[in-house]
Amino acid sequence: MEEIKVLVADVEHIKYVDTILKTIEDAAKVRGTGIAKRSPEYIETKMREAKAVIALQGDKFAGFSYIETWGNKTYVTTSGLIVHPDFRGCGVATRIKDMTFTLARTRWPHAKIFSLTSGAAVMAMNTKLGYKPVTFAELTDDEAFWRGCEGCCNVDVLHRTGRKYCICTGMLFDPEAHLPAKIPADVLERISKLEGRKIG
């Protein structure tokens with residue numbers, strides 16, 4: 001069986017955007033829980049800015065996730081983690097999560113990294129990486145981030161509670177409590193290729 005590669009996405013991977021969004025949509029229906037919707041343009045931008053990670057087996061899409069900064073780059077989210085049904089149970093999600101986490105720590109080493117999730121598997125992965133469960137008050141107050149929750153089917157809960165809590169659990173990684181990240185060579189190479197362009 002051909003190896004599954006997990007790498008920082010770029011313009012060559014824009015052709016997978018529709019497949020990514022369809023996989024996310026299908027997963028939301030199966031789970032019956034909220035996954036915030038994103039536009040094709042949004043996902044494409046993440047790829048162009050080296051803020052996305054994709055998993056491929058040859059030319060076949062296996063998984064995806066992306067990162068974004070908030071609050072003047074004091075916070076980073078790792079979001080939209082999805083694995084195609086054909087590749088679930090193979091450790092792909094963990095590899096993608098590790099790569100997005102490393103990418104976030106590489107580009108913004110002093111930023112706090114957070115995650116909102118309703119999935120037990122993601123909570124377990126976050127815990128292994130050093131995230132701690134926190135109240136929503138400890139996450140970014142950047143309104144642009146919270147507007148992203150408007151595409152979730154559970155946003156009414158967020159509104160009713162005055163944004164104090166929702167179906168998702170907030171988890172936070174504080175870099176001040178951890179050693180500096182060890183950055184894989186392939187991630188450094190991808191970032192170095194973008195030097196001279198305005199990224200971050």
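Analyst: Happy to. The buried residues of helix α4 pack against β4 (75–83), α3 (92–107), β5 (112–117) and β7 (169–173). Contact here means heavy atoms within 4.5 Å; helices (H or I, at least four residues) and strands (E, at least two) are DSSP runs, numbered from the N terminus. This is a predicted model, in which local features need pLDDT of at least 70, side-chain atom pairs count only at pLDDT 80 or more, and totals for chains, interfaces and linings use all residues. Residues are numbered from 1 along each chain as its sequence is written, and side-chain values use heavy atoms, with hydrogens and water left out.

Which residues of α4 are buried? In α4 (residues 120–129) they are V122, M125, N126 and L129, where buried means under 20% relative accessible area, exposed over 50%, and partly exposed in between (1.4 Å probe, protein chains only). These four sit on the same side of α4 because they cover an arc of only 100° around the axis, the arc being that of the directions from the helix axis to the C-beta atoms. An α-helix has 3.6 residues a turn, so residues three or four places apart point the same way. On the face of α4 turned away from the buried side you will find the exposed residues A120, T127 and K128. Just after α4 comes G130, with a positive phi of about 110°.

One of the strands packed against α4 is β4, and T78 has its place there. T78 counts as buried, at 7% relative accessibility. Leaving aside neighbours within four places in sequence, T78 is in contact with Y66, I67, K97, T100, F101, I113, F114, S115 and Y131. T78 and T100 are 22 residues apart in sequence, yet 6.4 Å apart in space, C-alpha to C-alpha. The side chains of T78 and K97 are joined by a polar contact of 2.9 Å (a pair of N or O atoms within 3.5 Å; within protein, one must be able to donate a hydrogen and the other to accept it, and residues adjacent in sequence count only if both atoms are side-chain atoms).

Now for the charged pairs. A salt bridge is a side-chain nitrogen of Lys or Arg within 4 Å of a carboxyl oxygen of Asp or Glu, and by this rule the count comes to nine. K51 pairs with E49, their closest N and O atoms being 3.3 Å apart; E49 is partly exposed, at 26% relative accessible area. K51 also meets E68 in a salt bridge (3.2 Å, N to O). That pair links distant parts of the chain, 17 residues apart: E68 lies in strand β3 (residues 60–70) and K51 in the loop between α2 (40–48) and β2 (52–57). Both E68 and K51 are buried. Elsewhere, D156 forms a salt bridge with R160 at 2.7 Å between the closest N and O atoms. D156 and R160 are four residues apart in helix α6 (residues 155–160), so about one helical turn separates them. D156 is partly exposed, at 37%, while R160 counts as exposed, at 63%. Salt bridges that share partners join K46, E49, K51 and E68 into one network.

Finally, the cysteines: the whole structure holds zero disulfides, a disulfide being a pair of cysteine sulfur atoms within 2.5 Å. The closest cysteine sulfur to that of C166 is in C152, 6.1 Å away and therefore too far for a bond.
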